[in-house]
Amino acid sequence: MTPFPSVRAIRDAVQQGERTAVQVCRESLDRIAERNTALNAFITVLADGALARAAQVDARADRATLPLAGVPVAVKDNLCTRGARTTAASRILERFIPPYDATVVSRLEAAGAVIVGKTNCDEFAMGSSNENSAFGPARNPWAPDRIPGGSSGGSAVAVAAGMAPVALGSDTGGSIRQPAALCGLVGLKPTYGRVSRYGLLAFASSLDQIGPFARTVEDAAVLMQTLAGFDAADATCASEPVPDYLSALTNDLRALRIGVPRALVSDGVDPDVSAAFVDALDALRGGGATLVDIELPFASAAIPVYYLVATAEASSNLARYDGVRYGLRAAPERGPGASDDLQTMYGRTRDEGFGPEVKRRIMLGTYVLSSGYYDAYYLKAQQVRTLIRRDYEHAFARVDAVAMPTYPTPAFRIGERSSDPLQMYLGDVFTVSANLAGLPAISIPCGFTRERLPVGLQLTGRAFDEPTLLAAAHAYERQHEWWKQTPDLG
Amino acid sequence: MPARFSRSDIEKVAALAQLRLDEDEIELYARQLDDILAYAVQVQNIDTTGIPPTATVLARHGADRPDEPAPCLDRETALANAPDGNVEAGFFKVPRVIG
């Protein structure tokens, strides 16, 4: 597979007129046409719209100053694109055409980027494997019988298989970092509030964040420069100044203290993943970083806390899908005794429109919020969430970043875990706590298993300290250059 | 805490969630919600005396602003995705509410 050049190289070539945005866009669309049937990365390819947009970029008088001039971007299908259907991989939104753009989409387009398509994902971003898509699973380019991870699986596949140089995903409990790890990419979940979520179809509002997928840390940093910043349309968006992410990319690890929660990462991790993680820690130390043993005593409770909080919020957010203002409406019941009132329509629409995992989470969330159980489950989970945040506050008094494997196993086979939701949830053990604490976290490639499946290293940082994470990730990446390996697409 | 979900428990939750589940789904979710909540018992065993809940991680609320009208979707656009909309009258139509 011939990978795309770096985002800066594409941008420079288009800015200087060596290539046109239309040429770059055609290349991306050709690769999608060639590879998407096998990998199912895209739900909707925006061929005509993308070429028209690229032609506009070529015609712009300010083309030479656009930070993402002509850069093709794949966008997860839970981000609204005006006039282009946005499904969240759900039957209930199969024909939904948003009347507005998500802020991240407008920002990308204002910077000269070209949205080439909407990527596959778990329905409403609920899942860790991309198997919960109403449009079928996306496939891992490193081993097409395996999952690419989720929920932003299609975005990871699009970049890993060279269909787009970069992509956007959303991350509520690991949905950018885990597929990035399993597909051999860089994936960044920014600090809560760093990137506007206006136009993101909400799953769990106190946890959701939007972030980039890229092949290198530099590409992720370039994209973040456009994505980050205040937006009046999102009441949770922070007004913190946006730093220069590119200038943060030094190769110097010497001042860096990295915490390793040994007790947490010693259990239940695949031996090959564990070996790659230990090698990565050695490399970080070899590069000058100081490793510090730390404890995150409440991190082991992060999974149940996450699944109580996230499902409660989801049950509330998804109440809007009722067959009235947009989306599917179920046909009226027929036959003797059939009822055709409003309540029946709600129930039938939601039963037909939502898939099994979404219904499961709505049921769980509704239960934990219901009278008599609220204090025991939801309130209790929010209190333990405070303890998890405090764990990190204590850790960050001593260290600058916390290192863990991103996911305890490499990509598993499609169908292998789909009958046991709890087992699926347990895999999110290293990713969910960054969402619960609102902290930035990055996954970067740190090697391969013996079966040549990618492994990811996760670094979690202080709130709004993306620069330190990017710097550490960049310095490690320069030593190892795992990103130069690409899947054999046959 | 209830260790087992009865059929009527699941039906009650489904009614609250506006989901019309079939027989297989009721049986499946009864079992799976049991498994998941049994696992969540470890949260209930943590001492949280005096610990405030975290509803949001935002350090400060930066969204206060004057309440001023701003452009919004016009009626036709707002109704464009409605399964049963009436643009001229400006309505979302719904099935009958009262029997």
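Predicted model: local features only at pLDDT ≥ 70, side-chain atom pairs only at ≥ 80, totals over all residues.
The largest nonpolar core comprises 170 residues, and Phe124(A) and Leu168(A) are the members that touch the most others. Helix α10 of chain A, spanning residues 302-317, supplies the largest share of this core, with 10 residues. Apart from this core lies another, made up of 6 residues that include Leu182(A), Tyr407(A), Ala411(A) and Met424(A). When residues up to four places away in sequence are left out, the contacts of Phe124(A) are Ala88(A), Ser90(A), Ile92(A), Leu93(A), Phe203(A), Leu318(A), Tyr321(A), Phe354(A) and Val358(A).

Across all chains, the structure holds 0 disulfides. For Cys121(A), the closest cysteine sulfur belongs to Cys80(A) and lies 12 Å away. A disulfide requires the two sulfur atoms to be within 2.5 Å, so the sulfur of Cys121(A) is too far from that of Cys80(A) for a bond. Cys121(A) is also buried, at 0% relative accessibility. Cys25(A) is likewise buried, with a relative accessible area of 1%.

On the surface, a nonpolar patch is formed by Val94(B), Val97(B) and Ile98(B), which together present about 310 Å² of accessible area. Ile98(B) has a relative accessibility of 72%; because the exposed class begins over 50%, Ile98(B) counts as exposed.

Terms used:
Residues numbered from 1 in each chain as written. Chains lettered and ligands numbered in written order. Heavy atoms only, no water. Core = buried A, V, L, I, M, F, W, Y, C linked by side-chain atoms within 4.5 Å. Buried < 20%, exposed > 50% of the residue type's maximum accessible area, 1.4 Å probe, protein only. Helix = DSSP H or I, 4+ residues; strand = E, 2+ residues; numbered from the N terminus. Contact = heavy atoms within 4.5 Å. Patch = residues over 30% accessible without salt bridge, like charges linked within 9 Å, V, L, I, M, F, W, Y side chains within 5 Å. Areas by Shrake-Rupley, 256 points an atom, 1.4 Å probe, with all protein chains shown as cover. Salt bridge = Lys/Arg side-chain N within 4 Å of Asp/Glu carboxyl O.
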